[in-house]
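I opened this entry to look up the sheet, the helices packed on it and the salt bridges.

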Amino acid sequence: MQVTLKAQDDRARVLELTLPHSTIQTPIFMPVGTQGCVKALDSIDLSHILHTKLILANTYHMYLRVGLKRLKAFGGVHKFANFHGSYLSDSGGFQAFSLGKHVKIIESGIEFKSHIDGSKHFFSPEFVLDIQYALNSDIMMVLDDLVGLPASTERIADSIQRTSAWAQRSLLYHEAQKAQGKGLDNNLFAIIQGGTDRHFRALSCRQLTEMGDFDGFAIGGLAVGEDTQEMYDTINHLTPLMPPHKPRYLMGVGTPENIIESIALGVDMFDCVMPTRNARNATLFTHFGKINIKAASFINDTKPIDEACDCYTCTHYTRAYLCHLFRAQEITYHRLATLHNLHYYLTLAKGAREAILAGNFKDYRAAFYAKRAMEVPDEY
């Protein structure tokens, strides 16, 4: 992966990443395609309507639903899903965290029971890379030990030790594959843990950055129980410690406000289920805040969802029609609402890129809050 710094405005920055299947610029939001698709959309929607070049696939779900043999036979997820942009795949660490009592974390990896049929499986750092090689992911994530917050000092310290050990095994395995001519187009990101503790975050970051030549670094273990200010304080402390020549990925975050603030703090990449999940549950994002489209006030509303939006849905349909579709439980609602919410998120990141390139990100951030009648947060 080739990384080029195109612009920097204070701590906000634009990177150009040359990946095997596309060239992208950051800040970038990645739609979540958990099971090889973004819920309610197909690859034509993603490529031709949303014009997105990078989406996320889920290693845990693709392994259980499709499996290595089939993924290899289909030539990876790009051909299988007919999406010819780039994929980032997570490692399954979050699913281990979320499965609760069905998971056992040991030094060599993660034992778990499938949420589908109860069958037993084991993820080692090496095996999750094998799954991601089968996916042919442009960006692969190492297996990590994610901790919910609040957590004890002992549990966080244990998480860092295990995450670093697994990252080392992942890096050695990946380098061995490349030495054999395999995995040459698959880039590997490490994941920094440490909760909201500055000492532990710095320790995790130092261990990983000194370990070897990862292609990028992710900030994991946030938006898992801490309050928003704690999250911002952690990011503010951590990004200056991360390599400036590598992309920085904040995993699973978050609201539009979270994204704007994290860009200001030097984060480059984001993913979150919020725009798609909220769309399915009647919550739509606009430049002026959120609306609940099932409300009776929209039954006869002939305006688009967002009069400042030029997405496919807003240029063709009214609030009244979306309200009707939701109340009638029509499947078409899910596609139109998802297209709108993802367009909003993608456009938010695009606007940030353009503002950074023009050297006026501070004004862009201020305008973002002004439209919502919100105070701009204090500088960090």
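Predicted model: local features only at pLDDT ≥ 70, side-chain atom pairs only at ≥ 80, totals over all residues.

**Sheet.** I traced an open sheet of nine strands with parallel pairing, in the order β4-β15-β14-β13-β12-β11-β7-β6-β5. β4 (28-30) and β5 (32-33) each have a single partner strand, so one side of each is left without a neighbour in the sheet. I then looked at β5, which pairs with β6 (residues 54-57) in the parallel sense over two bridges. V32 is found opposite L56 of β6.

**Helices on the sheet.** I looked up helix α8 (residues 198-209), which touches β12 and β13 (216-219) and makes about 155 degrees with the direction of β12. Helix α6 (residues 125-135) lies across β7 (86-89), β11 (139-141) and β12 (187-192), at about 160 degrees to β11.

**Salt bridges.** How many salt bridges does the structure hold? I noted 14.

I took R162 and D158 first. Their closest N and O atoms are 2.9 Å apart, and both residues lie in helix α7 (residues 153-179), four residues apart, about one turn of the helix. R162 is buried at 6% relative accessible area, while D158 is partly exposed at 30%. Both belong to a network of salt bridges that also links E107, D145 and R155.

Next I checked R365 and E261, a salt bridge with closest N and O atoms 2.9 Å apart. This pair links distant parts of the chain, with R365 in helix α15 (residues 361-371) and E261 in helix α10 (residues 256-264), 104 residues apart. Buried or exposed? R365 is buried at 5% relative accessibility, and E261 is buried at 0%.

Last, I recorded K303 with D301, at 3.3 Å between the closest N and O atoms. K303 is partly exposed at 32%, whereas D301 is buried at 10%.

Terms used: Residues numbered from 1 in each chain as written. Heavy atoms only, no water. Pairing = 2+ DSSP bridges. Contact = heavy atoms within 4.5 Å. Axes fitted to C-alpha atoms, helices over the stretch in contact; angles between N-to-C directions. Salt bridge = Lys/Arg side-chain N within 4 Å of Asp/Glu carboxyl O. Buried < 20%, exposed > 50% of the residue type's maximum accessible area, 1.4 Å probe, protein only.
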